[in-house]
Amino acid sequence: MADEALTAGAAARRLGVAVTTLRTWHQRYGLGPSRHESGHHRRYTADDMSRLQIMQRLTAEGVAPAEAAAWALSQAAPEQPGPPDPRPARTDPAPAVRGLTRAAMRLDAPAMRDTLCTAIRERGVIGAWTDVMAPALIVVGERYEATRRFVEVEHLLSRAVTEALAAVEHAAGIPRIMLAAADEEQHTLPLEALAAALAQAGVPTRLFGARVPPQALLDAIARTGPAAVVLWSQRPATGLPAQLTRVRDVPHPPVVVAAAGPGWPEDDLPPGITRLKSLTEAVGLLSDF
Ligand code: B12
């Protein structure tokens with residue numbers, strides 16, 4: 001694409017990020033379009049795009065945006081090889097899962113924090129959640145199921161995961177995405193992972209957390225007019241589809257009403273409801289808002 005210069009919309013589509021993310025990267029970190037044609041908005045050149053690709057890769061891997069931007073801006077044109085990547089290669093997650101599970105069983109919060117922060121730094125939120133946090137949570141859940149013990153382990157591990165995800169830098173801007181747990185649903189960690197992963201992609205969200213009463217959710221939608229609403233249900237007891245249809249049928253409905261989590265009915269979701277099956281899929285869909 002030597003001579004091709006892209007509008008912000010086309011650049012955002014090519015990178016798979018929101019236009020607002022590009023604007024933030026431009027305004028905050030100077031990663032803007034450099035070609036100017038009279039009468040037109042500025043356009044992103046091939047060199048601009050290669051810098052943005054570096055920015056996108058590093059932030060997705062958990063590098064702080066300011067640091068990632070400094071690295072991206074220091075890069076020469078793509079044909080010229082840059083200095084070697086100083087970050088460690090992505091490693092096998094199994095030792096981190098073992099380390100986290102053992103630290104949880106010992107009720108060792110500082111060790112859990114270390115493992116979790118390292119995982120986010122090295123793998124980004126999506127990798128840390130998918131490869132380290134979720135597998136450790138599932139192991140702890142299985143131990144509970146087999147023994148009816150270690151509820152305290154589950155609580156402390158959950159708390160450590162919440163803290164690590166909440167420490168991810170928030171994205172600037174007015175949130176257009178609402179994330180809430182279904183009525184009486186206490187499981188929220190996957191939604192917290194989604195909020196943190198979207199923040200890393202530069203997309204702000206409103207995260208309401210556990211047990212959101214249906215009427216309170218509808219009031220919040222009426223007050224803020226979100227473009228997308230994601231409702232999490234972990235257990236069939238909380239996955240009542242009427243909650244989804246009430247959101248779908250509000251006077252100015254969100255463009256996307258999504259059911260996420262294993263609690264919702266497997267096959268028959270009401271029409272107009274999007275099912276989200278993985279963190280990666282959810283980030284892919286919601287990054288466009
Ligand atoms: C942590 C945890 C808790 C914490 C929650 C803390 C928090 N802030 O979220 C606490 C201690 C509060 C808790 C409470 C309870 N829990 Co609990 N808990 C868990 C545990 C260990 C992890 C939950 C989790 O985050 N799962 C998310 C990921 C790791 O698992 P998953 O949903 O299966 O992932 C799949 C998909 O969802 C998808 N996915 C994963 N991540 C993401 C992200 C996004 C965005 C998307 C779209 C998809 C996606 O990929 C996976 C493969 O398909 C699970 C064990 C388990 N296997 O899940 C039990 C578990 C969910 N809990 C269970 C139970 C029974 C309870 C309690 C009822 C216990 C009690 N008697 O009080 C209460 C719930 C009360 C209530 N009203 O809700 C059962 C549920 C059984 C069922 N099917 O109904 C489980 C399965 C444990 C078990 N094996 O018995 N729990």
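Reply: T274 is partly exposed, with a relative accessible area of 27%. That figure, like everything here, comes from a predicted model. T274 is found in strand β5, which covers residues 274-276. Now look at what T274 touches. Leaving out residues up to four places away in sequence, T274 contacts V256, V257, A258, A259 and L285. A260 is 14 residues away from T274 in sequence. In space, their C-alpha atoms are 8.6 Å apart.

The protein is divided into three domains: domain 1 (8-73), domain 2 (94-166) and domain 3 (177-286). The C-alpha centres of domain 2 and domain 3 are 24 Å apart. Their contact takes ten residues from domain 2 and ten residues from domain 3.

Which strands does β1 pair with? β3 is one of them: the two run parallel and share five bridges. Within that pairing, I177 has A228 in β3 as its bridge partner. β2 (residues 206-209) is another, also parallel, with three bridges to β1. There, A180 stands opposite G209.

Is β1 buried or exposed? Five of its five residues are buried, so β1 is largely enclosed by the rest of the structure. Both of its faces are covered. I177, L179 and A181 lie on one side. M178 and A180 lie on the other.

L217 is found in α9 (residues 214-224). L217 touches M178 and A180, and also V212, L231 and V247, not counting residues up to four places away in sequence. L217 counts as buried, at 5% relative accessibility.

Now follow the chain on from β1. The loop between β1 and α8 holds E184. E184 has a positive phi of about 65°, although it is not a glycine. Most residues other than glycine have a negative phi. E184 is partly exposed, with a relative accessible area of 43%.

H187 also has its place in the loop between β1 and α8. What does H187 do for the cobalt atom of the ligand? H187 is the only protein donor of that atom, through NE2, at 2.2 Å.

Then comes α8. Twelve of its twelve residues are buried, so α8 is largely enclosed by the rest of the structure. The buried residues of α8 include L189, P190, E192, L194 and Q200. At 1.5 Å a residue, its twelve residues should span 16 Å. The end C-alpha atoms are 16 Å apart, which agrees. After α8 comes G202, whose phi is positive, near 85°.

Now the packing. In soluble globular proteins, nonpolar side chains tend to be buried together. Here the largest nonpolar core has 49 residues. Those with the most contacts inside it are W129, L194 and V230. Elements that each supply at least two residues of this core include α5 (94-105), α6 (109-147), α7 (151-166), β1 (177-181) and α8 (189-200). β3 (228-232), β4 (256-260) and α11 (279-286) are also among them. α6 gives the most, with 13 residues. Where does this core lie? Domain 2 and domain 3 both give residues to it, so it lies between them.

L194 shows how the pieces meet. Beyond its neighbours within four places in sequence, L194 is in contact with L179, V230, L279, A282, V283 and L286. There is also a second, separate core of 19 residues. V17, I54, A68 and A72 are among its members.

One last stop: F150, in the loop between α6 and α7. F150 has a positive phi of about 70°, although it is not a glycine. Is F150 buried or exposed? F150 is buried, with a relative accessible area of 19%. The cut-off for buried is under 20%.

Note on methods: Residues numbered from 1 in each chain as written. Predicted model: local features only at pLDDT ≥ 70, side-chain atom pairs only at ≥ 80, totals over all residues. Heavy atoms only, no water. Core = buried A, V, L, I, M, F, W, Y, C linked by side-chain atoms within 4.5 Å. Buried < 20%, exposed > 50% of the residue type's maximum accessible area, 1.4 Å probe, protein only. Helix = DSSP H or I, 4+ residues; strand = E, 2+ residues; numbered from the N terminus. Domains from an automatic or database assignment. Contact = heavy atoms within 4.5 Å. Donors = N, O, S within 2.8 Å, 3.2 Å for Na, K, Ca; no water. Expected span 1.5 Å × (residues − 1). Pairing = 2+ DSSP bridges.
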